[in-house]
Amino acid sequence: MITSNWDSPIRKVPLEHNGVKSCAWSVQREDMITTKTEDTVITGPVWKEVGVVSDNYLLIPNKGVVALANDIADSSGLKWSEDKIFYNGRQFMYSMVSKDTVSEVSVGDDVALGMMFWNSYDGSTALSFRLYLQRLVCLNGMVSNDVFKSHRFKHVIWKNTNKEQNYEDEIYEAASIINNSQDNIRYFTSALRYLEQEELDMENLAHLREKYFPKIPTSLFGTIVDKLLNYRPNGKPTTYDLLNSATNVLWHKKKQTKADYDHNAYIVDGLIDYSKTRYM
């Protein structure tokens with residue numbers, strides 16, 4: 001049996017053939033392999049390749065991303081708590097939520113500010129930071145690529161390397177996005193309030209599907225609608241219920257993929273855009 005954790009050791013090893021070095025490097029993750037015999041159980045490390053990158057690719061351990069997140073949290077002046085960790089062996093997401101910044105959709109329905117950090121070992125996802133909102137009554141995360149600014153860490157920042165000179169600038173840039181997010185939060189919350197006012201009938205559901213998120217896979221859309229059928233606190237669903245059904249499915253899946261977070265943002269941004277054309 002082979003096991004790996006999000007904070008398992010990682011290394012970058014040069015590739016070569018017959019003594020000729022390549023410009024590519026192998027990224028390898030240390031897993032633990034357990035072998036059972038009749039009398040003993042032996043557990044030991046084994047290195048597994050998880051990606052091939054260029055020689056100038058600066059590999060950041062996931063635990064370094066968490067350290068970065070904590071430093072940004074401290075610099076923001078807000079109190080944060082850990083929310084989610086996503087890890088598929090190559091891509092990593094770490095998120096935190098602050099209840100110091102709370103907005104109200106309706107009485108008893110508050111949303112709080114969250115921040116998420118992405119990293120990858122195979123070069124598929126840049127080390128980056130973005131904000132989102134969390135609905136506190138159900139802990140659904142609502143991701144938006146349009147409402148909030150994101151930040152890609154260009155001068156990468158593993159504190160224990162010689163790249164440290166840019167670390168404080170990166171921290172300041174990300175913290176400033178947090179501290180200047182109030183207008184974005186108000187805009188986002190206003191859109192949710194408008195969605196809450198609109199009853200969702202079959203005609204409108206078909207219109208939203210066709211015009212605002214046509215690229216959602218049919219199987220996923222069916223799962224969201226199935227959730228919607230059981231998500232009617234007042235008997236008649238609203239467009240806000242559709243959004244909450246989608247984020248509930250995508251945020252709380254047991255076996256998540258990077259696509260789940262992308263679909264979350266796609267649907268949320270589609271519905272915010274819809275609310276803007278209808279009400280705002």
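**Salt bridges and their surroundings**

Modeller: Asp273 is partly exposed, at a relative accessible area of 33%. Buried means under 20% relative accessible area, exposed means over 50%, and partly exposed lies in between (1.4 Å probe, protein chains only). Lys276 is partly exposed too, at 40% relative accessibility. Asp273 and Lys276 form a salt bridge, with their closest N and O atoms 3.6 Å apart. The term requires a side-chain nitrogen of Lys or Arg within 4 Å of a carboxyl oxygen of Asp or Glu. Both residues belong to helix α7 (residues 258–278), spaced 3 residues apart, about one turn of the helix. Helices here are DSSP runs (H or I, at least four residues), numbered from the N terminus.

This is a predicted model: local features need pLDDT of at least 70, side-chain atom pairs count only at pLDDT 80 or more, and totals for chains, interfaces and linings use all residues. Residues are numbered from 1 along each chain as its sequence is written, and side-chain values use heavy atoms, leaving out hydrogens and water.

Helix α3 (residues 182–197) holds Asp183 and Arg186, again 3 residues apart, about one turn of the helix. They pair in a salt bridge, the closest N and O atoms being 2.3 Å apart. Asp183 is exposed, at 53% relative accessible area. Arg186 is partly exposed, at 47%.

Next, Asp31 and Arg29. Their side chains meet in a salt bridge at 2.7 Å, N to O. Both residues are buried. In total, the structure holds 6 salt bridges.

Conventions:
Helix = DSSP H or I, 4+ residues; strand = E, 2+ residues; numbered from the N terminus.
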